[in-house]
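My notes follow in the order I took them.

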Amino acid sequence: MNKSDIKILLVDDEPDILEIVGYNLRNEGYQVFTAENGQEAIKSAKKNTPHLILLDIMMPEMDGIEACEKIRKIKSLENVIIAFLTARGEDYSQVAGFEAGADDYITKPIKPKVLVSKIKSLLRRLKNEEESEETLKIGDIVIDRDEYVVYKAGKKIALPRKEFELFSLLTSKPSKVFKREVILDTVWGNEVVVGGRTIDVHIRKLREKIGDDHFKTVKGVGYKFVLKD
């Protein structure tokens, strides 16, 4: 997918943010739409079907948390990437944001170049989703879902079935935070699980085999797979 095909919805009640961030994103070649509150964001999202939504939290009429929850319930927008733009003093709301369906957080203030780099990282998921279902390539990692084989930098890594399924789930959408209950339901289903530590143990083993810096813990929520810069 070309940059010119990617649509980004920028939502913030500060005109300066809309202008500066919007300018930098357009300068990168993206299509940019703006909104000043949650209600406008929902209307614009329905109309334009963006690939990524940058959503401020503290806004009049409808805040970002509520807007995110409503957007996630819209069928045509279920796969949109949502990242919150949040002031440093709002870190307490991160768990609430992830529970509302956000994929990531970007803390303000942030330099335009750093923001663009962060957005590029989030948008890599779009490229990954275009890969075949059987084989997925992420950086120097290749996942062959048909053969249940993982390669890193050309080296084959042996993973037991559940570790492979967990890794396959996390890498299906890099940077997306998967809640613990979603992981349990997807990977283990109706199988008997011996306590919530099961996920933690499997993550620890994946960190040892794939690399610790690829796996991030979101306290109280779940885990996500990230690409190294």
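Predicted model: local features only at pLDDT ≥ 70, side-chain atom pairs only at ≥ 80, totals over all residues.

Entry 1: Ala 153 is exposed, with a relative accessible area of 61%. I placed Ala 153 in the loop between β8 (149–152) and β9 (155–157). Its phi is near 55°, a positive value in a residue other than glycine. I noted the background: most residues other than glycine have a negative phi, and most peptide bonds are trans.

Next I checked Thr 49. Its phi is also positive, about 45°, although Thr 49 is not a glycine. I found Thr 49 in the loop between α2 and β3. Thr 49 counts as partly exposed, at 36% relative accessibility.

Then I looked at omega. Lys 108 and Pro 109 are joined by a cis peptide bond, with omega at about -5°. Pro 109 sits in the loop between β5 and α5.

**Entry 2: salt bridges.** How many salt bridges does a search of the whole structure find? I got 15. I followed up some of them.

I took Arg 72 and Asp 103 to begin with. Their side chains meet in a salt bridge at 2.9 Å, N to O. Arg 72 belongs to helix α3 and Asp 103 to the loop between α4 and β5, so this pair ties together parts that are 31 residues apart in sequence. Is Asp 103 buried or exposed? Asp 103 counts as buried, because its relative accessibility is 0% and the limit for buried is under 20%.

I moved on to Asp 104 and Lys 118. The side chains form a salt bridge of 3.1 Å, N to O. Asp 104 is in strand β5 and Lys 118 in helix α5 (residues 112–130), so the pair links parts 14 residues apart in sequence. Asp 104 counts as buried at 5% relative accessibility. Lys 118 is partly exposed, with a relative accessible area of 29%.

The pair Arg 180 and Asp 200 came next. I read 3.0 Å, N to O, for this salt bridge. It ties helix α7 (residues 180–188), which holds Arg 180, to helix α8 (residues 197–210), which holds Asp 200, so the parts joined are 20 residues apart in sequence. Arg 180 counts as partly exposed at 25% relative accessibility, and Asp 200 as buried at 18%. I also logged a network: Lys 3, Glu 28 and Lys 120 are joined by salt bridges that share partners.

**Entry 3: strand β5.** I went back to β5 for Tyr 105. This residue lies in the strand, which spans residues 104–108. Tyr 105 counts as buried at 8% relative accessibility.

**Entry 4: core.** I looked up the largest nonpolar core. It has 27 residues, and those with the most contacts inside it are Leu 9, Val 11, Ile 53, Leu 55, Ile 71, Ile 82 and Phe 84. Elements giving two or more residues to it are β1 (7–11), α2, β3 (52–56), α3 (64–72), β4 (81–87) and α4 (94–100). The largest share, 4 residues, comes from α3.

**Entry 5: surface charge.** Which residues form a negative surface patch? I listed Asp 13, Glu 14, Asp 16, Glu 19, Glu 36, Glu 40 and Glu 61. Glu 36 is in the loop between β2 (31–35) and α2 (38–48). It is partly exposed, with a relative accessible area of 44%.

Terms used:
Residues numbered from 1 in each chain as written. Heavy atoms only, no water. Patch = residues over 30% accessible without salt bridge, like charges linked within 9 Å, V, L, I, M, F, W, Y side chains within 5 Å. Areas by Shrake-Rupley, 256 points an atom, 1.4 Å probe, with all protein chains shown as cover. Salt bridge = Lys/Arg side-chain N within 4 Å of Asp/Glu carboxyl O. Lys, Arg positive; Asp, Glu negative; His and termini not counted. Charge placed at Lys NZ, Arg CZ, Asp CG, Glu CD. Buried < 20%, exposed > 50% of the residue type's maximum accessible area, 1.4 Å probe, protein only. Core = buried A, V, L, I, M, F, W, Y, C linked by side-chain atoms within 4.5 Å.
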